Amino acid sequence: MSHRRENGAAKDATAQNFQLVLYKGFKLIKGIHDPDDVNQIYDLEIRDSDVFVVTYPKSGTIWMQQILLLIEAKGDVKAISKQGSYSNAALVPWIELNGNREAFITAPSPRLRVTHLQYQFLPAALSQKKGKVIYVARNPKDVLVSYFHFHKLANMLETPKDFDDFFEKFLTGDVSACCWFEHIKTWYSHKDDMNMLFITYEEMIQDLPSVVERISVFLGKELTDEQLVNVVQHSIFSNMRKIPQASYEGAQGNLLNSHQGRFMRKGIIGDWKNHFTVAQNERFDEVFHREMKDFPLSFIWDQGQ
Ligand code: PPS
């Protein structure tokens, strides 16, 4: 047996310890999420300085962790590493992971958090315009591809049988978290209830400086030109990938199996073209148009668009 297969088998043995649990329409991962705890996130008190980055998985979460930390540090990347953390996830944690809700209550401001949760779980106070929310959306064809590869890498997720099988599961929402279409439509429909900045992964790829500027203005943390250049510099794919704290390279203990690939895999627009068959693309478009016909925004599907 090759090393690759041995590693894959070991990964799936571990995945059996992390079953998916459907809770209020959302698939949590037993072992890293506790439904009772997730349920209490709704009641958290919110400070005006709190920031929640909301993403469907594989839409730019860790990129935003790095950008928020850099904006906070005025572009000084060394100031982040000096905080002595092995991973950005310790500085900008996922609120839904075990233990993180409780830590949030007494954490010093600014409390920067990320989440994949659906709208109904997040603190009700956000809908009274307390705190700030940044929603990052990515075109769902690239999300599907990135999520497929992540399932091979992540020990807590079962390795997909094959791409075709995962493709169908994604389209019907039979995956960890929830259906992509429901996530974006629900969050977007509440955009005006809260202080929300809505940005896309594709905008970040195509014009990162202007997105960073929009984020810093939204957060009331304006940057000088030099600071902005530094934030961009340390968050572009090729540079961020070299920073283990930001790229999750080998830092995840039993959560990722580095033999199966890298968390920061390609970081491009349009990789779906290397994966979808013509028939799959037609099927995807059909579902997309049906689900998103009333959605007011359009998506960028390839780099040259
Ligand atoms: S997760 O597991 O949901 O938190 O993953 P998430 O961080 O949301 O998404 C991972 C994808 O984002 C890409 N990524 C980046 N792209 C461009 N530039 C930068 N700096 C960057 N950082 C992360 C990462 O490579 C994953 O996309 P794919 O398509 O798999 O490469």
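Helices here are DSSP runs of H or I with at least four residues, strands are runs of E with at least two, and both are numbered from the N terminus. The model shown is predicted.

The chain has 305 residues, and 52% of them count as buried. The radius of gyration is 19 Å, which agrees with the value near 19 Å for a compact globule with 305 residues. Along its principal axes, the C-alpha trace spans about 50 × 45 × 40 Å. Of the contacts with a separation of 6 or more, 74% are between residues 24 or more positions apart. The chain exposes about 14000 Å², and carbon and sulfur atoms supply 51% of that area. There are 35 positive and 38 negative side chains, and the centres of these two sets lie 3 Å apart.

**View B. Serine 146 lies in helix α7.**
This helix runs over residues 140–153. Is serine 146 buried or exposed? Its relative accessibility is 10%, so serine 146 counts as buried, because buried means under 20%. Leaving aside residues up to four places away in sequence, serine 146 touches Lys58, Arg138 and Arg265.

**View C. Phenylalanine 148 and phenylalanine 163 form an aromatic pair.**
A pair of aromatic rings is described by the distance of the centres and the angle of the planes. The count of aromatic pairs comes to 32. In the pair shown, the ring centres are 5.1 Å apart and the planes stand at 90°, so the pair is edge-to-face; the cut-off for that class is an angle over 60 degrees. The pair links distant parts of the chain, with phenylalanine 148 in helix α7 and phenylalanine 163 in helix α8 (residues 163–172). The two residues are 15 residues apart. Phenylalanine 148 is buried, with a relative accessible area of 10%. Phenylalanine 163 counts as buried at 11% relative accessibility.

**View D. Phenylalanine 163 also pairs with phenylalanine 276.**
Here the distance is 6.1 Å centre to centre and the angle between the planes is 45°, and the pair is tilted. Where does phenylalanine 276 lie? It is in the loop between α14 (244–247) and α15 (278–292). Phenylalanine 163 is in helix α8, 113 residues apart from phenylalanine 276, and the pair links distant parts of the chain. Both phenylalanine 163 and phenylalanine 276 are buried.

**View E. Isoleucine 67 sits in helix α3.**
Helix α3 covers residues 61–72. Isoleucine 67 has 0% relative accessibility, and therefore counts as buried. Which residues does isoleucine 67 touch, not counting residues up to four places away in sequence? They are Met204, Leu208, Val212, Ile215, Val231 and Ser235. Isoleucine 215 is 148 residues apart from isoleucine 67 in sequence, yet their C-alpha atoms are 9.0 Å apart in space.

**View F. Arginine 113 is placed in strand β4.**
The strand consists of residues 112–115. Arginine 113 counts as buried, at 7% relative accessibility. Not counting residues up to four places away in sequence, the residues that arginine 113 touches include Val51, Phe52 and Val53. Leu91, Val92, Pro93 and Ile95 are also among them, as are Phe104 and Ala107. Glutamine 280 is 167 residues apart from arginine 113 along the chain, and 35 Å separates the C-alpha atoms of the two.

**View G. Serine 109 and proline 110 are joined by a cis peptide bond.**
Most residues other than glycine have a negative phi, and most peptide bonds are trans. The bond between serine 109 and proline 110 is cis, with an omega of about -5°. Proline 110 is in the loop between α6 (100–106) and β4.

**View H. Lysine 24 has a positive phi.**
What is the phi of lysine 24? It is about 50°, although lysine 24 is not a glycine. This lysine 24 is found in the loop between β1 (20–23) and β2 (26–29). Lysine 24 counts as partly exposed, at 48% relative accessibility.

**View I. Lysine 74 also has a positive phi.**
The phi of lysine 74 is near 55°, in a residue other than glycine. Lysine 74 is placed in the loop between α3 and α4 (77–81). Its relative accessible area is 36%, so lysine 74 is partly exposed.

Terms used
Residues are numbered from 1 along each chain as its sequence is written. This is a predicted model: local features need pLDDT of at least 70, side-chain atom pairs count only at pLDDT 80 or more; totals for chains, interfaces and linings use all residues. Side-chain values use heavy atoms; hydrogens and water are left out. The radius of gyration is taken over C-alpha atoms; the globule rule is 2.2 Å times the number of residues to the power 0.38. Buried means under 20% relative accessible area, exposed over 50%, partly exposed in between (1.4 Å probe, protein chains only). Contact means heavy atoms within 4.5 Å. Accessible areas come from the Shrake-Rupley method with a 1.4 Å probe; for residues, only the protein chains shown count as cover. Lys and Arg count as positive and Asp and Glu as negative; His and the chain ends are not counted. The place of a charge is taken as NZ of Lys, CZ of Arg, CG of Asp or CD of Glu. Rings of Phe, Tyr and Trp (its six-membered ring) pair if their centres lie within 6.5 Å; planes under 30 degrees apart count as stacked, over 60 as edge-to-face and the rest as tilted.
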